[in-house]
Amino acid sequence: MSAPDRTAPRDGGRPAGRPTDLPVLLPFALPRSRPAARLRPVHGWLLCGLAVVALPAWAQGGAAALSPLEVVIKWAPLLLTGFSFNVAISLMAMAIGTVAGLGLGLAMLGEGRVLPRIAWAATQVFRNVPWLVLLFFVMFLVPFQVTVFGLRVPLPDWVKATFGFSLPVMANVAEIVRGAVRSVPNTQWEAAESLAFTRRQTLWRIILPQCAKRMLPPWMNVYALIAMATVQASIVGVTEMLTLTAQVHAAEGGRPELFAPLYGFALLCFFLYCYPIDRLTAHLERRFETR
């Protein structure tokens, strides 16, 4: 039996396997496209004029404007000089405040009635007042120069700022000294008294040497705080790192993209200086922990 012929016409003569013809589409008119805008000679002259004016200015600005990293590298020596001034102010304020705080703390432990109360009142005042307020008081109340034996001694702003920062340090160190002495057991005092030591000898030869390791961690913590607080001196006109950073930012045209890199560099300097102090303080606290 032979296979059926698929090419044979079926259903009105249409060949099998061929698709049905689509209906004829009616003709339609295509929308006319608008002619493209053509440049005229006058447009070419305008573009050339803009290029002649704008390209030299752009090239000059591009050559003068440094990247943020280049700006930080360019001004890093000056900014580091300002940071060293912050460190110097913090060291001097800490030295003055430590000596004065030691005397104030021992005065609170005195046996009299008037001196301990005066020392306690001074400690509370300087501990519970904002450091910036104390700085303003010192800057505006202390004269610009003093006369000592007929000799005029000038007091620049950074000297007055150092004295202003030493006041809260004094109060905090006084409280540290008082707490450390109070933490020593009373048996130490009784044993020293039984050995015929006077109260002064007991304090300086027995009690305070034992308090040194107890006072060292909180003392270092106070120093880290005062080192970070020295940037407040820029508010009263002392030329330190934050002041120099603002001046550098203004010298570079006040570009907004330079704000974060310049102040971030200042932040990095203080972090790299204060973070090791914090870690050393934590290490000393664990080592000198009293059990």
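Before the first angle, I note the convention: axes are lines fitted to C-alpha atoms, for helices over the stretch in contact, and angles run from 0 to 180 degrees between N-to-C directions. Helices (H or I, at least four residues) and strands (E, at least two) are DSSP runs, numbered from the N terminus.

This is a predicted model, where local features need pLDDT of at least 70, side-chain atom pairs count only at pLDDT 80 or more, and totals for chains, interfaces and linings use all residues. Residues are numbered from 1 along each chain as its sequence is written, and side-chain values use heavy atoms, with hydrogens and water left out.

**H4 and H5**

I started with helix H4 (residues 131–141) and helix H5 (residues 157–183). Their axes come within 9 Å and cross at roughly 135°. H4 and H5 are therefore oblique to each other; angles under 35 degrees count as roughly parallel, over 145 as roughly antiparallel, 65 to 115 as roughly perpendicular and the rest as oblique. I then listed the contact (heavy atoms within 4.5 Å). H4 contributes Trp131, Leu134, Leu135, Val138 and Met139. The H5 side includes Phe163, Phe165, Leu167 and Pro168. I sorted the contact by class: ten nonpolar, two polar and two charged residues. Here Ala, Val, Leu, Ile, Met, Phe, Trp, Tyr, Cys and Pro count as nonpolar, Asp, Glu, Lys and Arg as charged, and the others, Gly among them, as polar.

Next I looked up helix H8 (residues 241–251). Met241, Thr243, Leu244, Thr245, Val248 and His249 are buried there. Buried means under 20% relative accessible area, exposed over 50%, partly exposed in between (1.4 Å probe, protein chains only).

What covers these buried residues? The cover includes helix H2 (68–108) and helix H9 (259–287).

I checked H2 first. H2 and H8 pack at an angle of about 155°, with their axes 8 Å apart. The two are therefore roughly antiparallel to each other. From H2, the contact takes in Trp75, Leu78, Leu79, Gly82, Phe83 and Asn86. From H8 come Met241, Leu244, Thr245, Val248 and Ala251.

Then H9. The axes of H8 and H9 come within 10 Å and cross at roughly 160°. That makes H8 roughly antiparallel to H9. Among the contact residues are Met241, Leu242 and Ala246 of H8, and Phe259, Leu262 and Cys269 of H9. This contact divides into eleven nonpolar, two polar and no charged residues.

I also looked at the ends of H8. At the N-terminal end, glutamate 240 is the cap, with a side-chain oxygen 3.1 Å from the backbone nitrogen of leucine 242. After H8 comes glycine 253, whose phi is positive, near 90°.

**Positive phi outside glycine**

Phenylalanine 149 has a positive phi of about 55°. I located phenylalanine 149 in the loop between strand E3 (145–148) and strand E4 (151–154). Phenylalanine 149 is exposed, at 87% relative accessible area.

Alanine 196 also has a positive phi, near 70°. Its loop runs between helix H6 (186–194) and helix H7 (199–229). Alanine 196 is exposed, at 64% relative accessible area.

Buried, partly exposed or exposed: which is alanine 212? Alanine 212, in helix H7, is partly exposed, at 39%. I put its C-alpha 10.0 Å from that of phenylalanine 288, 76 residues apart along the chain.

How values were computed: A polar contact is a pair of N or O atoms within 3.5 Å; within protein, one must be able to donate a hydrogen and the other to accept it, and residues adjacent in sequence count only if both atoms are side-chain atoms.
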